[in-house]
Amino acid sequence: MSTDTSQRIEQNNIEITDAVVAEHGLKPDEYKLIVEHMGRTPNMTELGVFSVMWSEHCSYKSSRKWLGKLNTKAAHVIQGPGENAGVIDIGDGLAAIFKMESHNHPSFIEPYQGAATGVGGIMRDVFTMGARPVANMNALRFGDPSHPKTRHLVSGVVSGIGGYGNCIGVPTVGGEVNFDKSYNGNILVNAMCVGIAATDKIFYAAASGIGSPVVYVGSKTGRDGIHGATMASAEFDDASDEKRPTVQVGDPFTEKLLLEACLELMASDAIVAIQDMGAAGLTSSSVEMASKGDIGIELDLDHIPCRETKMTAYEMLLSESQERMLMVLKPGREAEASAIFERWGLDFSVIGVLTPTKRMVIKHQGEIVADMPLGPLADGAPLYSRPYVETPKRPVIKAGDVAHSLSVSQALEKMVALPDLASRRWIWEQYDHMVMGDTVGRPGGDAALVRVHGTQKALAIATDVTPRYCYADPVEGGKQAVCETWRNITATGATPLAITNCLNFGNPERPEIMGQFVGCLEGMNEASLTLNYPVISGNVSLYNETNGTGIHPTPAIGGVGLIEDYTKAISIAPSRQGLSIYVVGQTMGHIGCSIYLRDIIGADDLGAPPPVNVENEKANGDFIRAQILNGTIDAAHDVSDGGLLLALCDMAFAGKMGVQIEYTPEDPHAFWFGEDQARYVVAVENTSAFEAAAGDISITKIGTTGSDTLTFADGVSISLETLRKKNENWLPEFMNQRSV
Amino acid sequence: MTATVIVFPGSNCDRDVAVCLEAALGEVPIMAWHGDHQLPDCDAIILPGGFSYGDYLRGGSIAAQSPIMREVVSAAQKGIPVLGICNGFQILTECGLLPGVLMRNSGLKFICRDVDLTVGNTQTPFMSGYKRDQNITLPIAHNEGNYFASDETLDALEDNDLIVLRYAGENPNGASRAIAGIRNQAGNVVGMMPHPERLAEAALGGEDGRAIFDGLASFLAK
């Protein structure tokens, strides 16, 4: 929408023309349906409210059909998808509450604020439910490093994530970053938050109690972010920079106060229902609370705390100003609640009441400015069964057909410094990853480990997806994403419990994109069912396209696991010399879609990705976990991007200890750089106990820890320090380049 | 032995430091609110890390003007031990209990990592658990830790042996003369950028920070 929107729509008597409808991102058929539900032509305010509620971002109209098929159940799930965040039982009366959400479109336009408010939004989703946030994670995708915007976006996004999380005092404990040209015009910023609550103190969004007061708390409402949800439901074009006014501005200081005030009030029993004002602000929070409670709501906008003058009803309802919450209190508890928010210096205002009408009625300056049926607003958006075509299968590339130009050691020296494999230290050192004093497994390992405060338990958290696999074969890629988080959590000794996801795709109106979406979900579901690893929350971000070119399909998965005794958890760093190094899981040398094939060989055709056998994943992972918990395994690392040799290097860097390789493979390149799944590298002292326990699990001894080099069986040796420097230096050097 | 932790809006290491104080002193510390006009009866005061008042204006500048800080300043002048960690150090310089200022890091980025430090003067309740010239590791996590003061002030700090911690090896934030922590002339007020509360337990990766709290405990026990 153009910037003079506010002036133009000050009055509700503006005629709703086809152009106005189109400007709101609604299709003619959708508008017709709205008129039907209303029984009359909506006015401008009502049209605005319908347009955001029916946007892809809020209504999931293209994806809902498929999301309904996901595995969301397990004995330990307390709350699956549909609330602000999902909830799992972690024993002893405690629950872990978590969710991941995208902030892609705003972060591309305004990286600092886009990323910062993404973090703020996901934390509100978690503490809305009564949890204290204990860890933040993220999954980031940027364009090609050589693209002129990439450095600016990396710098802004990383500062924004740090700026928000550091200030509020919740540790950012890890994440993942990829660079690929498919994200040149659409970066992905997916933020995840994990919180801890008592199982009997979880708060939900469903409003109840006719006559109960509806209360607004937090920051004042301004004109920022109007139509953010609509923007996030459309493609970009060359004029996307003009959408800057739709990006919200974050204030982590206010959010910290809001967090403490909400948790303080939640300790009482004054709250009936609570919902954060996220995408589509006051509109979606009030619609969701009332519709979930199957009740009506009446709001008087004269009581909304505004930070700008002369705001219209349309603007107040659609503003996405940050750090605001809506709640329903038990009647008569207003004074006690107000005192808490006043003490924290936050606005507190009774803005409405619950009614029996099942309608949303909005008053402004003594007049009714909107009167809409809640059912259609919340659930009436047309559900699309978008046509899709399956992604054609690619041929499997035979390792023997690849012409290698570099020796294994030469290739390794290049690979440790590749954009997708280089150390991420430059990023995570800008995040406070230790505040709250419970980070027992810091960034740089497989999964972050965060102790549950005051207990022996720890949560293991990982985010993963391999978009090049998903692009090549959505089903295998979807499986792999779920399995990789499972494997990362397992490699610490924790038991994976549940996942959240952020499904980032292109334009669903194109059948090939819809085919990617359907395929990825099918793969995710297979893995999730077999591993008893249900989806408990998530978010869909479609229309990640610019000028008709979509991103690689990127279903980012955030996994959470539990270890009952954090002192039994292990890291990727071998603790001493003389430990035997094994590969667990079969190495077939699958070179297709590997980083080696893409970046070292530079192949145009990457072929099929490694197939994922989820049963194998489960068997190998269960074996690893048992051997960690009984103390046999000293260090473990999953094998993923870059293959076996890169996993070995990660361990050597972390342990500051070399490895003497004793194994001579038949096809060295395929063996060391192939990306077969379901594999781990482990360091073991008691080899006889380990080998005896393995049974049918494939294990191969490949070397021994010691010295300060990586030495191959043929005697070729590379100094660990040389490799480590290359691995550490790529990102800082890239970021410090002078602009040309 | 009772310690008081001052909680400002935006403090976020208050709980972390309270955990360490309880472990060392055997008593749960009192959490005092920024708006209070009276300081609880206590034996030591801690200004924790965080982003008091959102770091608006300048790190620590608004907190230095809060009602409770008038009481903290007067208690410090009477000799009660006061420790400011990170944002607490910034507040101590802003309210004049310690000289100098903490500027933006020279690299213009927030830095969170373990750093190597060398212990200087230990004649304060908070440093007595260390030995002079001892090498220790503590984490830093700040945007504004670049200690700056006039040459005369820096010379005076050195001449009077008031530097308690210096960065060893790499200087992470550009601090003048690699200063990471200082004390006042009387010895009861200490400010430091590193976070001892974050490495006071082996499970968190090290225990070098524990001596700060144990040192305070043995000082108060005397």
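How many bridges join strand β17 of chain A to β18(A), and do they run parallel or antiparallel?

A: Strand β17 (residues 495-504) of chain A is joined to β18(A) by 6 bridges, and the two run parallel. Before going on, note that this is a predicted model: local features need pLDDT of at least 70, side-chain atom pairs count only at pLDDT 80 or more, and totals for chains, interfaces and linings use all residues. Residues are numbered from 1 along each chain as its sequence is written, while chains are lettered from A and ligands numbered from 1 in the order in which they are written.

Two terms come up throughout. Strands pair if DSSP finds at least two bridges between them. Helices (H or I, at least four residues) and strands (E, at least two) are DSSP runs, numbered from the N terminus.

One bridge shows the pairing in detail: A:Thr500 has A:Ser537 in β18(A) as its partner. Both strands belong to an open sheet of 6 strands in chain A. The order is β14-β15-β16-β21-β17-β18, with mixed pairing. β14 (439-441) and β18 (535-541) of chain A are the edge strands, and each pairs on one side only. Neighbouring strands of this sheet are turned by 25° against each other on average, direction ignored. Axes here are lines fitted to C-alpha atoms, for helices over the stretch in contact, and angles run from 0 to 180 degrees between N-to-C directions.

Helix α19 (residues 474-490) of chain A touches β16 (458-464), β17 and β21 (554-563) of chain A. Residues are in contact if their C-beta atoms, placed from the backbone, lie within 7 Å. The direction of α19 makes about 25° with that of β21(A).

Chain A has another open sheet, with 7 strands in the order β8-β10-β7-β11-β9-β12-β13. Its pairing is mixed. The edge strands are β8 (271-276) and β13 (367-373) of chain A, each pairing on one side only. Here too, neighbouring strands are turned by 25° against each other on average, direction ignored. Within this sheet, β9 (residues 296-300) and β12 (residues 359-364) of chain A pair in the parallel sense over 4 bridges. A:Glu298 has A:Val361 in β12(A) as its bridge partner.

Helices of chain A also pack on one another. The axes of α8 (residues 111-127) and α9 (residues 150-168) of chain A come within 7 Å and cross at roughly 35°. Ala, Val, Leu, Ile, Met, Phe, Trp, Tyr, Cys and Pro count as nonpolar, Asp, Glu, Lys and Arg as charged, and the others, Gly among them, as polar.

α9(A) also packs against α11 (residues 252-266) of chain A, at an angle of about 40° with their axes 8 Å apart. That crossing of α9(A) and α11(A) is right-handed. From α9(A) come A:Gly163, A:Tyr164, A:Cys167 and A:Ile168. From α11(A) come A:Pro252, A:Phe253, A:Glu255, A:Lys256 and A:Leu259. The contact residues of α9(A) with α11(A) divide into 6 nonpolar, 1 polar and 2 charged.

Terms used:
Two residues are in contact if their C-beta atoms, placed from the backbone, lie within 7 Å. A crossing is left-handed if the near helix is turned anticlockwise from the far one by less than a right angle, and right-handed if clockwise.
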